[in-house]
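Please work through the exercises below with the sequence and the 3D structure at hand, trying each task before reading its solution.

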Amino acid sequence: MSRPVQFNSKVKVVEMPEGYSGEGFFATSFDKVIGMARKNSIWPLPFATSCCGIEFMATMAAHYDLARFGSERIGFTPRQCDLLMVMGTIAKKMAPVLRQVYVQMAEPRWVIAVGACASSGGIFDSYSVLQGIDQVIPVDVYVPGCPPRPEAILDGVMRIQDLVGEESLRRRHSDRYKDLMNSYGIQ
C-alpha cells in the first residue's frame with residue numbers, strides 16, 4: 001500500500017531584498033544580500049549556568065525547534081560563533097571568563113541576555129552575583145523571565161535576526177561602535 005504524497009503548504013520563503021529585476025537577473029545592494037545571509041545563518045554559543053539553560057535545551061528540542069530559524073548549528077567554541085546567548089546567574093568570579101569568551105568571538109558578534117539573572121541579577125542581590133552582564137559586555141537583546149519560556153527565547157532570536165538583517169556593513173567600523181567597545185575596555 002503506497003502512501004499519498006503530502007506537500008507542506010506552510011513553507012515560508014525568505015523575501016527578496018529591495019532591488020531591480022529584469023529578465024534573467026536581479027540586482028540589489030551588497031549590504032542587503034549580506035544582511036539576509038547573516039540573518040538566516042546565526043551560529044549561537046550557549047553560555048548557560050543555571051535554570052535558563054534548561055529552557056534553552058527545550059528551545060532546541062523538536063517541539064520548539066530553533067533550527068527553523070537557521071540556528072541549528074550550536075557551537076561550543078567562541079571562534080566559530082557569532083551569537084553569545086548568556087543564560088543564568090553569572091557570579092562576579094565568572095565575569096572575566098564571560099568577557100574572554102566575548103572577546104574571542106569574531107566580528108560581527110551579537111549578545112542575548114536570557115532570563116532575569118543574566119539581565120539584572122534576578123533575585124540574587126548579593127555581593128557575589130553580577131547584576132546584569134551589561135556591566136562587562138554589551139548586550140543587544142534582553143529576554144525577560146525567570147526562567148523564560150522557550151517562546152520568549154525564540155522571540156529574542158527573532159529580534160536578533162531583525163537587528164542582524166538591518167545592520168549596515170559599516171556599523172562595526174563607526175566611531176560610535178568603537179566608543180562603545182572602548183567604554184567596556186575592549187579593543
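The exercises that follow concern a predicted model, and each is paired with a worked solution.

**Exercise 1.** Find where Thr 77 lies, and decide whether Thr 77 is buried, partly exposed or exposed.

*Solution.* Begin with the secondary structure, where Thr 77 is found in the loop that runs between helix H2 (51-60) and strand E4 (83-87). Next take the relative accessibility of Thr 77, which is 27%. Buried requires a value under 20% and exposed a value over 50%, so Thr 77 counts as partly exposed. Finally, relate Thr 77 to Glu 166: the two are 89 residues apart in sequence, and their C-alpha atoms are 26 Å apart in space.

**Exercise 2.** Which residues are linked in a network of salt bridges?

*Solution.* The structure holds six salt bridges, and the network links Glu 107, Arg 109, Glu 167, Arg 171 and Arg 172. Within it, Glu 107 pairs with Arg 109, their closest N and O atoms being 3.4 Å apart; Glu 107 is partly exposed at 38%, whereas Arg 109 is buried at 6%. Arg 172 pairs with Glu 167 at 3.1 Å, N to O, where Arg 172 is buried at 12% and Glu 167 is buried at 8%.

How values were computed. Residues numbered from 1 in each chain as written. Predicted model: local features only at pLDDT ≥ 70, side-chain atom pairs only at ≥ 80, totals over all residues. Heavy atoms only, no water. Helix = DSSP H or I, 4+ residues; strand = E, 2+ residues; numbered from the N terminus. Buried < 20%, exposed > 50% of the residue type's maximum accessible area, 1.4 Å probe, protein only. Salt bridge = Lys/Arg side-chain N within 4 Å of Asp/Glu carboxyl O.
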